[in-house]
Amino acid sequence: IKQLLHIKTFIGTSKNAVMIQIWTALITILLLKVMRATAKFGWHLSNLVAFIRLNIFVKIELQKWLDSPFVQPQEPTQKTLQGDLFPNYP
(Lines give C-alpha, C1' and ligand atoms only; values in the text may rest on other atoms or scores of the structure.)
Protein backbone atom coordinates (compact mmCIF):
# COMPACT_ATOMS: atom_id res chain seq x y z
CA ILE A 1 0.00 0.00 0.00
CA LYS A 2 2.81 2.42 0.83
CA GLN A 3 4.45 1.88 -2.54
CA LEU A 4 1.22 2.16 -4.53
CA LEU A 5 0.14 5.37 -2.78
CA HIS A 6 3.66 6.85 -2.69
CA ILE A 7 3.69 7.15 1.09
CA LYS A 8 7.29 7.34 2.28
CA THR A 9 6.62 6.70 5.95
CA PHE A 10 3.60 6.56 8.17
CA ILE A 11 3.55 9.59 10.43
CA GLY A 12 1.45 8.06 13.18
CA THR A 13 1.71 4.66 14.79
CA SER A 14 -1.89 4.05 15.77
CA LYS A 15 -4.36 2.30 13.49
CA ASN A 16 -6.45 5.47 13.18
CA ALA A 17 -3.44 7.61 12.17
CA VAL A 18 -2.37 5.11 9.50
CA MET A 19 -5.92 4.85 8.13
CA ILE A 20 -6.24 8.65 7.94
CA GLN A 21 -2.98 8.86 6.02
CA ILE A 22 -4.06 6.11 3.60
CA TRP A 23 -7.46 7.73 2.98
CA THR A 24 -5.82 11.12 2.45
CA ALA A 25 -3.47 9.63 -0.14
CA LEU A 26 -6.38 7.88 -1.91
CA ILE A 27 -8.45 11.07 -2.03
CA THR A 28 -5.46 13.03 -3.35
CA ILE A 29 -4.85 10.53 -6.15
CA LEU A 30 -8.54 10.57 -7.12
CA LEU A 31 -8.59 14.38 -7.21
CA LEU A 32 -5.47 14.45 -9.38
CA LYS A 33 -6.98 11.93 -11.78
CA VAL A 34 -10.19 13.95 -12.04
CA MET A 35 -8.16 17.09 -12.74
CA ARG A 36 -6.18 15.25 -15.41
CA ALA A 37 -9.36 13.89 -17.01
CA THR A 38 -11.04 17.32 -17.22
CA ALA A 39 -7.97 19.13 -18.58
CA LYS A 40 -7.64 19.81 -22.30
CA PHE A 41 -3.84 19.63 -22.05
CA GLY A 42 -2.39 16.11 -22.21
CA TRP A 43 -0.97 15.81 -18.71
CA HIS A 44 0.99 12.86 -17.42
CA LEU A 45 0.10 12.30 -13.78
CA SER A 46 3.70 12.74 -12.59
CA ASN A 47 4.04 16.03 -14.50
CA LEU A 48 0.75 17.30 -13.09
CA VAL A 49 1.89 16.53 -9.55
CA ALA A 50 5.23 18.27 -10.12
CA PHE A 51 3.61 21.40 -11.57
CA ILE A 52 1.06 21.56 -8.75
CA ARG A 53 3.87 21.35 -6.21
CA LEU A 54 5.57 24.30 -7.88
CA ASN A 55 2.39 26.39 -8.10
CA ILE A 56 0.65 25.35 -4.90
CA PHE A 57 0.51 28.89 -3.45
CA VAL A 58 -0.11 30.75 -6.72
CA LYS A 59 -3.59 32.22 -7.05
CA ILE A 60 -4.85 31.16 -10.49
CA GLU A 61 -7.99 29.85 -12.12
CA LEU A 62 -7.35 26.13 -11.89
CA GLN A 63 -9.29 24.95 -14.94
CA LYS A 64 -7.71 27.57 -17.22
CA TRP A 65 -4.27 26.60 -15.95
CA LEU A 66 -4.98 22.90 -16.43
CA ASP A 67 -6.12 23.52 -20.02
CA SER A 68 -3.17 25.70 -21.03
CA PRO A 69 -0.41 25.68 -18.39
CA PHE A 70 2.22 27.54 -20.40
CA VAL A 71 0.15 30.60 -21.31
CA GLN A 72 0.94 33.76 -19.35
CA PRO A 73 -2.14 34.82 -17.33
CA GLN A 74 -3.67 38.21 -18.08
CA GLU A 75 -3.52 40.98 -15.52
CA PRO A 76 -6.83 41.72 -13.79
CA THR A 77 -8.62 44.62 -15.45
CA GLN A 78 -10.04 46.12 -12.27
CA LYS A 79 -8.04 46.72 -9.13
CA THR A 80 -10.09 46.28 -5.97
CA LEU A 81 -9.07 46.65 -2.39
CA GLN A 82 -9.45 43.83 0.05
CA GLY A 83 -12.69 44.28 1.94
CA ASP A 84 -14.11 46.73 -0.61
CA LEU A 85 -17.82 45.87 -0.67
CA PHE A 86 -18.87 48.35 -3.37
CA PRO A 87 -15.95 48.72 -5.83
CA ASN A 88 -17.95 50.62 -8.51
CA TYR A 89 -19.68 53.01 -6.12
CA PRO A 90 -18.49 56.65 -6.63
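Biologist: What pattern does the protein follow along the sequence?
Modeller: Quick ground rules: this is a predicted model, where local features need pLDDT of at least 70, side-chain atom pairs count only at pLDDT 80 or more, and totals for chains, interfaces and linings use all residues. Residues are numbered from 1 along each chain as its sequence is written, and side-chain values use heavy atoms, with hydrogens and water left out. Helices here are DSSP runs of H or I with at least four residues, strands runs of E with at least two, numbered from the N terminus. The protein has three helices and zero strands, and the pattern reads α-α-α.

Biologist: Which residues of α1 are buried?
Modeller: Helix α1 covers residues 15–38, and buried means under 20% relative accessible area (exposed is over 50%, partly exposed in between, with a 1.4 Å probe and protein chains only). What covers its buried residues includes α2 (45–54) and α3 (62–67). The buried ones are V18, Q21, I22, A25, L32 and M35.

Biologist: Which residues make up the largest nonpolar core?
Modeller: A nonpolar core is a set of buried Ala, Val, Leu, Ile, Met, Phe, Trp, Tyr and Cys residues joined through side-chain atoms within 4.5 Å. The largest has eight residues: L32, M35, A39, W43, L48, I52, W65 and L66.

Biologist: Leaving aside neighbours within four places in sequence, what is L48 in contact with?
Modeller: Contact means heavy atoms within 4.5 Å. L48 belongs to the largest nonpolar core. With those neighbours set aside, its contacts are L32, M35, R36, W43, W65 and L66.

Definitions and conventions
Expected span 1.5 Å × (residues − 1).
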